[in-house]
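Please look over the sequence and the model shown here.

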Amino acid sequence: MKVEIVREAKLSKIDHLFVVLAEGVKAEGTGVSELVDGAVKDAGFEGRSDESITILSGTPRKLTLVGIGKKVTVRAVRTAIYAIGKIARKQRDKKIAVSVPLAIPDFDDAFATRLIADALAAADYKYDSYITTKNDEKRAPVDAVLIAASSLDAKTIKRLNNEAHAIIDGVHTVRDLGNAPSNIMTATRIAERAAEVAKETGVKCTIYGKREIERMKMGGLIAVNRGSVEEPRFIILEYTPRKAKKHVALVGKGITFDSGGISIKPAEKMEEMKFDMCGAAAVIGTIETAAKLGLPVKITGAIPSTDNLPSGSAYKPGEIITMMNGKTVEIVNTDAEGRMILGDALHWASQQKPDHMIDYATLTGACVVALASEAAGLFTSDDELARKLIECGERVGERLWRLPEWDDYKDLVRSEWADIKNSGGRWGGAITAAIFLKEFVTCPSWAHLDIAGTAYAEHESPREARGATGAGVRVTIEFLESLSR
């Protein structure tokens, strides 16, 4: 959905006006209060979270009141905004106006407006690049104007439009990358897309092919790639603003399709393993947004990418692989491949001496068992980094839940034949995966985000469409902005 933040909407040019209301809250300070208050009274609208009423009026032709309930939260607002997108699409609206005359606790009007604009842009998202039938689903997106709070002046609104569009673009990039079919979104194509984004935003992009990866002794990435006819890629994105005071490294898992390899997965829902590169997509989308925002933080992105397939040449259980940092790994499960390619990338990123390092990976089913799709798992030894990331996640609606990575779990990944083994078994699977990754990190302020449950929606939810969600971009941008304040 194309979104513009405005001080005032010309209702004569609007097909449909949407107003989000909480129970007992009046539509004050938005320029539509008189119109809405009359409609609320006539329709008996109460603002419950399960309530929406559409009224045929004069100007605009349609007015829809959307309830949010008693408690105003970021997630409740996103739910209401997504409902607006569905209604507008179903009713074939061409141009809509949206007013959210609500105060989100602890948010100023500017931040709340930017967040709502981002949600509104995503409200009618649908990945339809390969739908050839020219039907209703293929029509042009809805044009939307978001009526800003009266406290915001024209200069602030202009800035918010620029900021919102930067975030919208980054999230959209992640969703399109994640939703693309695995026969198209190969390691080569991810590298090409990263280079395209870099060119658009003035970011430096370096792409290493198989020979260079072998020379760099990235044993984990080469091992996982052995079963594939597609060559691997190691992608580096460098955003280096002049006045940067901090340096943050972002590392993303780029498994373009995960069959499990020799330790093959069950056939059911294996098609969803195209989403196993959403960590890589998060790095690309985050750096795109940071560059468009002009954040004064140096960012180095590192993306190891390949698919994981079974073949006569595929790596197999019982092998011992030497990683880039020299440590040896006994392979006990070839479906624990994400940590193998991340181990090399984390070592490389640590060598760049960043102040903070964050990795994103759809790493373990165990994390989904623990947290479902409501939160990503957060692992870090840095209490201050954990606090900041959790706080940033709450502000933008991307929940993170901290899980332990105590040394007590090391016994589960200890090997009799090598320095470490690549799987600790069934119990504490998300934790032992993080413990494995920690072996390749020398940056004191490092966080691992297991986004297996949040990177894509298996089914449509009240807040978003099925498929890739864009997880990682919003929380990281909020964190990067906090470093530059």
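## Basis of the model

The model is predicted; local features need pLDDT of at least 70 and side-chain atom pairs pLDDT 80 or more, while totals for chains, interfaces and linings use all residues. Residues are numbered from 1 along each chain as its sequence is written, and side-chain values use heavy atoms, leaving out hydrogens and water.

## Nonpolar cores

A nonpolar core is a set of buried Ala, Val, Leu, Ile, Met, Phe, Trp, Tyr and Cys residues joined through side-chain atoms within 4.5 Å; buried means under 20% relative accessible area, with a 1.4 Å probe and protein chains only. The largest such core has 101 residues, and Val20, Ile81, Ile96, Val98 and Leu480 touch the most other members. Helix α8 (residues 278–293) supplies the largest share of this core, 10 residues. Helices are DSSP runs (H or I, at least four residues), numbered from the N terminus.

Another core, of 46 residues, lies apart from the largest one and includes Ala249, Met324, Cys367 and Ile431.

## A buried helix

In helix α13 (residues 473–483), 11 of the 11 residues are buried, so the helix is largely enclosed by the rest of the structure. Among these buried residues are Arg474, Glu478 and Glu481, as well as Leu480. Leaving aside residues up to four places away in sequence, Leu480 touches Val248, Thr286, Ala290, Leu295, Val297 and Ile299, where contact means heavy atoms within 4.5 Å.

Key
Buried means under 20% relative accessible area, exposed over 50%, partly exposed in between (1.4 Å probe, protein chains only). Helices (H or I, at least four residues) and strands (E, at least two) are DSSP runs, numbered from the N terminus.
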